[in-house]
Amino acid sequence: MADVPNTNPFLDDEDVEKPGITVTGENDIESQAAKTSDHHELSLDALAASLLKENFVLTALEFHTELLETGREIPRLRDYFSNPGNFERTKDEFGTASLHRTSSIQTFDSLDFARYSDDGGGQVDERVAVLEFELRKAQETIKSLRASLTQEAENELGSTEQVNEGVVTLGQEEAIKPLDKKAINFLINEYLLLQNYKLTAVTFSEENEDQDFEDWDDVGLNMARPPSLLHLYKDYGNHATPVMSTEDFHCQVELEREEDQKLWEEWTDLKSQLESKVADLENQIDVCKKENQSLKSQITELYDQRSENQMIYSFTPSKKHSISINQDNDCTLGVDNSVNNCNEECDRTDVTDSVKDSDSKAKSVINGDQSRDRDISEGSSESVVVLDRNGSLDDRSPTMTMSPTSESTEDTSKRHLTPTFRKSLLDVCFHVSKDNRIVHEVSQIIGADRDHIITMLARCLPHIVPNVLLAKREELIPLILCTAMLHPDSKERDKLLNILFNLIKKPDEEQRQMIMTGCVAFAQHTGSARLMEELLPQCWEQINHKYPERRILVAEACGALASYLPTEILSSLILSMLQQMMVDDKEAEVREAVVRSLGILFGFISDTDKYTQGCELLWTSLKDPSERVVMTALHVFLPSLAVWADELDKLQHSLIHSVVRDLEELVKCALAAQKASNSTHIPLNESRFMNSMAALQELISFLYVSVIKTGPYSDRVGEVLHNVVDVDISRFPKPSSILSDLKVVCGDKDQLSAFVHLFENHIGKEWFEPWDSFNWVVNNLIPRLLEVVLGAGLALPKIVNSLCRCFFLLSRTFGKVFVEKRLRPKFIELMVLTDEHTDHRGYAAAKQTSVTTCVVPVYAAGVLSAFNSEEDRQQLSQFLQEILCTLSIYQAPLDSLKAAFTELSSTHSNHELLLTVLWDAVVHTSPQVRATSARLFELMVKGVGENLISTRVFPALVTLGTDPEIIVRTATIPALGAIIENVSLVDMLDRVYMQFVTFMDDRMYRDEHEVNIELIRTLARVGPNAEPRFRDDLILPRLAFVALNNNHQQNERKRTEVALQLFEAYSALSCCFINDQLVQEAMLPGLRCLKQDMAAVAPEREEVVSSIIKDYEAKVEGSRSGNMPSNHGPEDVKSRVMNRIKDTTSKANISNIFTRKK
């Protein structure tokens, strides 16, 4: 290599060392360079020296570039421009002293003039122009040289192909050129690196130091980087085209037809030959099968005969010999191959040969078995070698020797014992009873195939099961099932399945799940035919078993196997079994399993005639006395039947109609009974009503999906599914079960979003086209439900809550647009007051009106509170204020408003709204409205926390307690009593006690009969739950004072009312622990005064009061004399009180003495 590094990628190192040689890509340039005379070379060199001497660097550079373009090169210029030292400059060489330069080793190409300032007076611009010129010329040179080299390489490749005329010849070596060498070297190095031959790649790169393997451009070709070496190797076959000889033929149309006819005849003959050959082969296959069957039977007989000679024992464990069983192994494998592979061999063309092979194999097997039987009796071994199914050896402890060995044969061949003597000798020494079942089974193991093992398991399992612990018998379930599935004999399969169902005496839930999983696996493996013939009879036998766990197993099996049975069997046999168990079984757990299986069953039945039977079974399950059965019917059976009803177009007019009709009949019967008894209470069947309402709530999801899927927009669902639809489906209420989830019922979340989007856009228009299912909901379902609401009454809180929940689900499911346009107008129309309700006499005359029935709580808690926007909450607040004012002004019953507050207060987010409504009523101008608000605060005390009670409720009661109207102050008494029952804040309780002292000691209230009645009623309720100091210091002395004053009451009505309230109060307080002093000072005087009133107004209760007095007098007398027995304490008082309650209730026939205590 020269001192100056080679920077030209198109020059080899050898060319650099010889400056007189130039490498170009053009042939004419090479010839021109060869003809140039030495004199001319010297003149050009002299010219170059002169230019450099005179410092004409740019001219010399242009001269050097032009020479390179013509293929000539002067070493002087090449060396000069390649040396970076010729272009270094010192600070003094530049004319401007203000330029700050840093000395560095730079070439003329890489001088960075841009970092200097423009004070050089045009020198920078000049040098930049020189640099751009040089760069442009260099790039053009590189491109032209690469194009020349590439063209030359293509021309040479084309000439080679023309010479070979398309024939690819292997094994001929061609002269490689430097360009080809570099390209191949690059690909080889790349292959070595990819295949992780790193050391080889390093060695290869060191041997080719003149090439840069990291840059393809170093090769010098003006073309893209070729694919990898592996790709070129795999693609080679696509370019190796063999030489094909072609000739032109000319024929007429008639000739083509004759040729086609000839081909058709040949094809027909060939087809007939093949068909005949196939028939012959099939006949030969049948013959082979018969022969194979015969061979199998012979082999089985040989195995049976050999079993007697396999009981050979060894007693010298210290010696072990290597046993060769190649012959035995070959024989066994030969049997398997001859039996199992014969059918495959028969399918081959040469069937005769395969038959001969199979015959020869079978004969060799028979001969091998016979010889093996002889060898067994001749040889013995001191260790046992067991041959498994894979042909492997297992050297075990000394026991029976199952196969002969070559060594043993050699050892015993020197002895000349007769077979009879040898057999007799073994029988005498190692006698085993032939009647032993286990010995017989063990002797059959060697050489057994799958069928033999299955039959052996079937014989052994009945003996194994009774000896397994009950707690571990489920471990046998897989073994029993596998044997039952694979056994060839149907009778044995029946026995095994019977063992399976009777395996565990009382299977628990987990064990039943194991058996059910096994039954499903049996159904999947065997098919419906065997399932009906073998498994269903076992279920039928267990249907009346004495243990309920077995009957539960049968019911669960019917459901688990429903998807594997034909629909005819489902709608006949299976349905009959479940129906019989539903009607006859007395265990709730069994009926629950039956209902669950009925839900699965009606998901697969397709016989429409069974729909009515399914409805009857559903009503039966909904009326079941067990709550678990009812819940299972609601969450499993009802959704399954609802889906089928929707498919049959019977959801609205049949299923839901039946549920609503049941509600209507219940309300109608209750109203008729109320009218007959002339009572204010509606005797509604609460449990049946609740079950029907729960069924209706469960069906709302299916009704909604049916409505939105049948709209006139349903043909545009596909368009919406392809677009992103932003629908908030979280507004839907949480489903009670997964089967009633809207996403599950509709199909998936995307379909639900699409239908909801189209439904709400359609009904959100000012006018839209209704459809049948939508009209049925608006014009049939909602009016009928409103009639049920009107007649339900307010006496049963659970019924009120179920109605509110039903309308809440209906509102949340169908959406805000539906509620605003269709649901709310019907409620508003129902609650409009007529002329007969304009004064309180109209309300007194009317038994039922809309604002005094369940309509108010249902509308408030079920419709208005369904959505939580500011507008919705404003509507709810306004409605409550209007109802409160209306009922108060017209002096109507407050039961409907109290029910609404009770339902709304159960939700924490409604507390602030309700308190705001009550505070607005506190400052109302009407005393009736203020009194109503005071009574409603009693409900809020029970429904809100102590923080709100202390900040919002109690201040309002204090304000109302100082109201100038007596009715308002009286209305605060129950709310104050509720605070005593529910609040534990001492400061607040002290203020409440002071308020009660004011009511009872103020002279202005002594003659207020209503105040006294309300005080006694409240104290009777809160007395047992109040603090002892409040009860001892306030309640008992004040009650005694009221009883004393009531003896002198001249008004019989007032005296009777006060006496009855005092009786309730003293009955409740008698169960509390009161000290003797207080009994003597307050309790006994009050009771004696009450006894006088009872004798006058209620003689039937006088005996009860006398009994209470006697107990307290005995207690006081015993404590005073000091002779009280040791057992006279709180427990003795409690027993006495309980005995007295029992006696007095039986004598006086009073059932509600202590109703306030509940």
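## Aromatic pairs

Searching the whole structure turns up 21 aromatic pairs (rings of Phe, Tyr and Trp, the last by its six-membered ring, pair if their centres lie within 6.5 Å; planes under 30 degrees apart count as stacked, over 60 as edge-to-face and the rest as tilted). This is a predicted model, where local features need pLDDT of at least 70 and side-chain atom pairs count only at pLDDT 80 or more, while totals for chains, interfaces and linings use all residues. Residues are numbered from 1 along each chain as its sequence is written, and side-chain values use heavy atoms, with hydrogens and water left out.

## Around F759

Start with Y704 and F759: their ring centres are 5.9 Å apart and their planes sit at 90°, so this pair is edge-to-face. Y704 belongs to helix α28 (residues 686-709) and F759 to helix α31 (residues 749-763), so the pair ties together parts 55 residues apart in sequence. Helices here are DSSP runs (H or I, at least four residues), numbered from the N terminus. Y704 has 0% relative accessibility and counts as buried (under 20% relative accessible area, with exposed over 50% and partly exposed in between, using a 1.4 Å probe and protein chains only). F759 is buried too, with a relative accessible area of 0%.

F759 also forms an edge-to-face pair with W771, at 6.2 Å centre to centre and 85° between the planes. W771 sits in the loop between α31 and α32 (772-792), 12 residues from F759, and W771 is buried as well. Y704, F759 and W771 are among the members of one aromatic cluster, which also includes F774 and F818.

## Where α32 meets α34

F774 and F818 turn up again here: F774 is one of the α32 residues that meet α34, and F818 is one of those on the α34 side (contact means heavy atoms within 4.5 Å). The axes of α32 and helix α34 (residues 816-830) come within 11 Å and cross at roughly 35°. Axes are lines fitted to C-alpha atoms, for helices over the stretch in contact, and angles run from 0 to 180 degrees between N-to-C directions. The crossing is right-handed (the near helix is turned clockwise from the far one by less than a right angle; anticlockwise is left-handed).

## Where α41 meets α43

Helix α41 (residues 946-961) and helix α43 (residues 986-1001) have axes that come within 12 Å and cross at roughly 15°. The crossing of α41 and α43 is left-handed. On α41, the contact residues include I949 and F954; on α43, they include M988 and V992.

How values were computed
Helices (H or I, at least four residues) and strands (E, at least two) are DSSP runs, numbered from the N terminus.
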